[in-house]
Amino acid sequence: VDSLELSLLQKNTLVFDTVFTDIKPDQWLDFKQLNLPLGEAELRSRIHIQGRSKDTLQTLFVDTSFALKAEAWHLKSFANLNPNYHKPREDYLFAWLDSIQMSDFLQYQELFSIQNLNENQGYWYWSDLDQSFPLELSKEKSEANFTDSSEIAWKLKAGNTGWNLIANPYHWTIALPDTPFVFWKWVDSIGSYEPTQNLKAQEAVWVHIQKNTTIKTKPQALFSTTIKDSSSIAFKKKALAKAPNAKDFMLQLKLKQDTKQDIYNFVGVSSQAFKLEKPPTGMGNFIRLAILNGPKDLAQNIVLASDSIYQWDLLLSSGDNGKVELLVEGIERLLSMGYKAALFTPNKAIELTSSQPVSIPLEFRQAKVSLVVSLDKEIHMQMGVDALRHFKQGSQCGVEFMAGYNMVGSKALVSIFSLKGELLTQKSLSISNGKNLLKTTIPKNQPVFIQSIIYDQNSNRIAQKQDRLY
């Protein structure tokens, strides 16, 4: 092959042309052109071989608009929107404002105009009707010349929560930067987020930071052969240490309801602790599993191997009432390692013997459950308080009872009265799983009244017992 000529024309106007020469046998040519014009164009090629030439013509089309389906929330970028387009009055547009504690809806502010939005920022959008948004490149963008040194930069702010919505300002797919941060995209069809390493045109993603920082990436286009699978991203690999101990484990928690699912949740034990915060609750018909072990909602909580019994409290929520299914994957391997596992729901305790989904009813669109894993300690499966009894031994009296995991952290209050009703002493006990015992000293050989009151975590009285002790 002597040479290859390439040219792109739109409406008979030359957009670019280039020539390849000295092409060797079996040589692959790698040619990329960014910033193609919107609309239909013709790619013309002419190949020269030993004095002969052959022409080919291929029609290309770059989207001139993007569509959003009706009655769904979309997390989008509105970069390159035609400046003459105006949002229908009935549609909703929200921006994330992390600099304030409360706005129109949580930390979202409603916007009434779609003009002059930040092209590096993402927005939530809702419409009762299918909508099509016309695109138009500014003169500055259409004439931009991208080189190997070109970059896009997002300035991230820690704010109140550390969450930022960043968007793709270009009309092609780009790779997100290789950083310790995890990027989350909203998937309306499943009502939750998925991790991603790519940012499509008109797409926006969440990213969480601890302090103000700037992240950068190259604007090179990603094609179908180079797009990475989100399921293989680094955060899953970080869930366990590089050299796990024999008793290290990881469990994946999957929450489902009809077609909705939230599956990127992990708990476990390792020689290297790791946690990952959960993105803000999605708008609209969402489903969400949040790990509550800490001040912030978590998607991952891998703890140090410092005890033989571990507990993760989970908040299950949905935009719909009814029932959800919770699946804990990895139970079979956990049991083979000598562990036991149990799930404590609002209504019952369930010993986990396989990775089978557990149906859990929601009340006011949410439910709190606890996942308990133990290596060598017994997990008491009863709910509430059982076997409550008082005793007196010489100058000591007290109370003992059994409590389930749903009572952990609640309180028992024990009061000792004389037969005349005078309060002699009063003690409280923070309830733990299993057997609970509280003793107090009383005058020897003096009859007394003893009263025990058990409260739940919300300070509601759930059990009471009173006895006369001689």
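**Figure 1. Trp-73 and its bridge partner Trp-126 in strand β9.** Strands are DSSP runs of E with at least two residues, numbered, like the helices (H or I, at least four residues), from the N terminus, and two strands are taken as paired if DSSP finds at least two bridges between them. The model is a predicted one, in which local features require a pLDDT of at least 70 and side-chain atom pairs are counted only at pLDDT 80 or more, whereas totals for chains, interfaces and linings draw on all residues. Residues are numbered from 1 along each chain as its sequence is written, and side-chain values rest on heavy atoms, with hydrogens and water left out. Strand β6 (residues 73-76) runs antiparallel to β9, with four bridges between them, while strand β7 (residues 92-96) is joined to β9, also antiparallel, by three bridges. Trp-126 of β9 is the bridge partner of Tyr-92 as well as of Trp-73.

**Figure 2. The two covered faces of strand β9 (residues 123-126).** In a regular strand the side chains alternate between the two faces of the sheet. In β9, Tyr-123 and Tyr-125 lie on one side and Trp-124 and Trp-126 on the other, and all of these residues are buried, a term that stands for under 20% relative accessible area, against over 50% for exposed and partly exposed in between, with a 1.4 Å probe and protein chains only.

**Figure 3. Ser-45 in strand β3 (residues 39-49).** Ser-45 counts as buried because its relative accessibility is 17%. Contact here means heavy atoms within 4.5 Å; when residues up to four places away in sequence are not counted, Ser-45 touches Leu-4, Glu-5 and Leu-6, and also Lys-54, Asp-55 and Thr-56.

**Figure 4. Leu-371 and the largest nonpolar core.** A nonpolar core is a set of buried Ala, Val, Leu, Ile, Met, Phe, Trp, Tyr and Cys residues joined through side-chain atoms within 4.5 Å. The largest has 32 residues, of which Trp-312 and Leu-371 touch the most other members. Beyond its neighbours within four places in sequence, Leu-371 is in contact with residues including Leu-251, Leu-253, Val-267, Trp-312, Val-328 and Leu-352. Another core, of 24 residues, lies apart from this one and includes Tyr-193, Ile-263, Met-283 and Ile-302.

Figure 5. Rolling a probe the size of a water molecule over the atoms shows where empty space is left. A cavity is a set of points, on a 1 Å grid over the protein atoms alone, where a 1.4 Å probe fits but cannot get out, and lining residues have an atom within 4 Å of a point; points are joined across faces, edges and corners, and the volume is the space filled by probe spheres set on them. By this rule there are three cavities of 30 Å³ or more.

**Figure 6. The open three-stranded sheet β30-β31-β34.** The pairing in this sheet is antiparallel. Because β30 (385-393) and β34 (434-441) stand at the edges with a single partner strand each, one side of each is left without a neighbour in the sheet. Neighbouring strands are turned by 15° against each other on average, direction ignored, with axes fitted as lines to C-alpha atoms (for helices over the stretch in contact) and angles that run from 0 to 180 degrees between N-to-C directions. Strand β31 (residues 396-403) pairs with β34 over eight bridges, and Phe-401 stands opposite Asn-436 of β34. Ala-387, in β30, is in contact with Glu-400, Phe-401 and Met-402, its neighbours within four places in sequence left aside.

Methods:
1 Å grid on protein atoms, 1.4 Å probe; cavity = no way out; pocket = protein on both sides within 12 Å on 5 of 7 lines; lining within 4 Å.
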